[in-house]
Amino acid sequence: GNVCVTNPGAQYSSGDWHTPAVTAQPGHSVSIDGTLQVCADHATAGEQALGVMAALPAVLFWGGVLFLLWRTMVTARRHGPFTRRVAAAVRRLGWFIIIGSTAAAVVHLIAVDTLLTTMAKVTNPFPNLILVPLHLPVPVLAGAALLTFARIVTAGAAMDAEIQATI
């Protein structure tokens, strides 16, 4: 099958859209239109596996986020929205977003860089690993916000328990 990979962090600007820094391996083609894209019309099993590894982390991450959100809603429906169980579910979701987004970004970028070095002769392999922190501010902030919300729900559940005990 056909496998293509785009280098997300590289910008090339040249009048003839060629650069000596990147040349295609035999059986592959290089396209540079601002960003680098390398394609294999008849990809090997290893190249296909790396193509899957480049896409799979995002699918698994978002699938996990949706599953944990669903579990949080089920827990809130069964036990009430301001309980320790909901706080634990929200905390679990926050940590999953922080750790899962980091792992997904690292695995994706390693797979993309490995695929690029397999399909083309690149003078500076694996530059994308430097970009991992650039992919993380939004997920880390969302995860941190969920952790903070979980602490608020925990405090609210403790106050509710105190009120119930005095009544």
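Where is the place of Thr-72? Thr-72 sits in helix α1, helices here being DSSP runs of H or I with at least four residues and strands DSSP runs of E with at least two, both numbered from the N terminus. The model is a predicted one, so to speak of local features a pLDDT of at least 70 is needed, side-chain atom pairs count only at pLDDT 80 or more, and totals for chains, interfaces and linings use all residues. Residues are numbered from 1 along each chain as its sequence is written, and side-chain values use heavy atoms, with hydrogens and water left out.

Back to Thr-72: this residue counts as buried because its relative accessibility is 12%, the cut-offs being under 20% relative accessible area for buried, over 50% for exposed and partly exposed in between (1.4 Å probe, protein chains only). Its side chain reaches the backbone oxygen of Leu-68 at 2.8 Å. Setting aside residues up to four places away in sequence, Thr-72 touches Ala-89 and Val-90, where contact stands for heavy atoms within 4.5 Å.

As for the overall layout, the protein chain has 3 helices and 5 strands. Read from the N terminus, the order is β-β-β-β-α-α-β-α. Of its 167 residues, 34% are buried. Take the contacts between residues at least 6 apart in sequence: 73% of them join residues at least 24 apart.

Another threonine, Thr-83, turns up in the loop between α1 (45-79) and α2 (84-119). Thr-83 is buried because its relative accessible area is 19%. The side chain of Thr-83 gets to the backbone oxygen of Gly-80 at 3.4 Å. Beyond its neighbours within four places in sequence, Thr-83 is in contact with Val-153 and Ala-157.

Now for the inside. The largest nonpolar core has 14 residues, and those touching the most other members are Val-5, Val-38, Val-112, Leu-115, Leu-116 and Met-119; such a core is a set of buried Ala, Val, Leu, Ile, Met, Phe, Trp, Tyr and Cys residues joined through side-chain atoms within 4.5 Å. Two or more residues each come from β1 (3-6), β4 (36-40), α1 and α2, and α2 supplies the largest share, 5 residues. There is also a second, separate core of 6 residues, among them Phe-61, Val-65, Leu-93 and Ile-97.

Met-119 belongs to helix α2 and counts as buried because its relative accessibility is 0%. Leaving out neighbours within four places in sequence, its contacts are Val-3, Val-5, Ala-24, Gln-25, His-28, Val-38, Cys-39, Ala-40 and Glu-47. Of these, Ala-40 is 79 residues from Met-119 along the chain, yet their C-alpha atoms are separated by 7.3 Å.

On the outside, Val-52, Met-53, Leu-56, Val-59, Leu-60 and Val-107 make up a nonpolar surface patch with about 500 Å² of accessible area together. Patches take residues with over 30% relative accessible area and no salt bridge, nonpolar side chains (Val, Leu, Ile, Met, Phe, Trp, Tyr) being joined within 5 Å and like charges within 9 Å; a salt bridge is a side-chain nitrogen of Lys or Arg within 4 Å of a carboxyl oxygen of Asp or Glu. Most of the patch comes from α1, with 5 residues. Leu-60 is found in helix α1 and counts as exposed because its relative accessibility is 55%.

Technical notes: A polar contact is a pair of N or O atoms within 3.5 Å; within protein, one must be able to donate a hydrogen and the other to accept it, and residues adjacent in sequence count only if both atoms are side-chain atoms. Accessible areas come from the Shrake-Rupley method with a 1.4 Å probe; for residues, only the protein chains shown count as cover.
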